[in-house]
Amino acid sequence: MLKRKDLLGLIDISAEEITEILDLAQEFKNRIKRGEKKMNHLDGKTVTILFYENSTRTRTSFEQAAKYLGATAINIEASTSSVAKGETLVDTGKTLDAQRNDFIVMRHPMGGAPYLLAKTVKAGVLNAGDGINEHPTQALLDMLTMREVYGSLKGLKVAILGDIKHSRVAKSNLFGLKKMGAEVAMYAPQTLIPKGMDQLGAKICKSRQEALDGADVVMGLRIQLERQEAGNFPSLGEYAANYGVNEELLSLAKPNAIVLHPGPVNRGVELTSGVIDHERSHIEDQVLSGVAVRMAALTLMNEARRGN
Ligand code: NCD
């Protein structure tokens with residue numbers, strides 16, 4: 001049973017906790033698909049969304065999740081708040097606590113920032129991406145999308161290709177998928193794979209072909225130009241030609257393999273348009289999974305706070 005004040009990463013979560021979140025998320029996803037958008041699991045609660053970095057999907061889906069559950073959602077843009085006047089994260093946290101916020105969803109460019117906030121505040125903290133560290137709800141929504149198609153994550157081969165070094169999504173997926181019994185194969189230019197991924201359980205492949213061969217899931221990751229030090233690869237064109245996934249390469253995966261990408265996509269770089277818009281692409285479905293997974297995490301954390 002999920003008995004935690006905060007959801008900061010998948011590094012220390014159990015397979016049972018992941019299953020509990022995914023089971024409830026699937027229920028919420030089915031309800032949303034039926035047109036239900038008014039639920040009362042979080043009636044009277046406040047969810048504050050504090051983002052120090054850009055976002056479309058993650059921010060709006062947390063807001064929708066809170067609202068569908070009957071909570072009040074408050075958005076704070078760091079660029080227009082007192083953060084821009086130099087307020088520290090700890091002081092911002094204390095202010096939000098004084099207002100009796102129940103949950104704080106935070107995205108921050110520094111790895112570890114949500115851990116500091118979580119130690120400071122009484123509110124439950126959900127990490128919506130911290131630097132290149134973790135993005136737990138993204139990996140949970142990816143796992144929900146896979147599990148809905150395949151019924152189980154056990155034994156699946158998940159090929160992750162793209163900018164693994166700068167990706168919090170890759171790390172959270174690796175932690176989560178390994179716990180659920182899936183195989184994770186990674187491929188990228190050597191300069192974009194951090195050392196030690198193999199020790200964390202990833203299979204580091206020598207070619208796109210090796211990574212894609214027999215894969216059940218093909219996950220592309222965005223080349224994070226904003227986090228690139230110059231020189232990790234020659235040009236976007238050469239990246240696409242040598243490391244990207246096109247339809248011909250996709251055919252090496254299992255015949256019914258699905259395509260995922262956390263978004264935003266650099267069209268024609270990590271995946272060609274033919275792959276992004278392929279009938280086996282679940283990129284749009286991932287977005288709905290995102291709302292459902294965030295509803296499930298908030299609901300279970302709220303129950304834990306009430307001591308249920
Ligand atoms: C990712 C992120 O911000 O970590 N996107 C997302 O949350 N949907 C991946 C990315 O920015 O490339």
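**Close-up 1. Packing of helix α4.** The buried residues of α4 pack against α3 (89–98), β3 (103–108) and β4 (124–130); contact denotes heavy atoms within 4.5 Å. Helices (H or I, at least four residues) and strands (E, at least two) are DSSP runs, numbered from the N terminus. The model is predicted, with pLDDT of at least 70 required for local features and 80 or more for side-chain atom pairs, whereas totals for chains, interfaces and linings use all residues. Residues are numbered from 1 along each chain as its sequence is written, and side-chain values use heavy atoms, without hydrogens and water. In helix α4 (residues 113–120), A113, P114, L117 and A118 are the buried residues. They lie on the same side of α4 because they cover an arc of only 135 degrees around the axis, the arc being that of the directions from the helix axis to the C-beta atoms. Buried means under 20% relative accessible area, exposed over 50%, and partly exposed in between (1.4 Å probe, protein chains only).

**Close-up 2. The interface between domain 1 and domain 2.** The domain assignment of the protein chain gives domain 1 (15–134 + 287–307) and domain 2 (136–283); such bounds come from an automatic or database domain assignment. Domain 1 contributes 29 residues to the contact and domain 2 contributes 26 residues. The C-alpha centres of the two domains lie 26 Å apart. About 2300 Å² is buried between domain 1 and domain 2, with carbon and sulfur atoms giving 57%; buried area is the accessible area (1.4 Å probe) that two parts lose on being put together, summed over both. In domain 1, L22, I132 and E134 lose the most area to domain 2, together 28% of what that side buries.

Close-up 3. K29 lies in helix α1 (residues 15–33) and is buried, with a relative accessible area of 0%. Neighbours within four places in sequence aside, K29 is in contact with L144, E148, D285, L288, S289 and A292. T145 lies in helix α5 (residues 136–150) and is likewise buried, at 0% relative accessibility. With the same exclusion of sequence neighbours within four places, T145 is in contact with L260, H282, D285, Q286 and S289.

**Close-up 4. Arginine charges over phenylalanine rings.** The charged end of R294 sits over the ring of F62, 4.9 Å from its centre. R305 lies over the face of F103, at 5.4 Å from the ring centre. A charge sits over a ring if NZ of Lys or CZ of Arg is within 6 Å of the ring centre and within 35 degrees of the ring normal.
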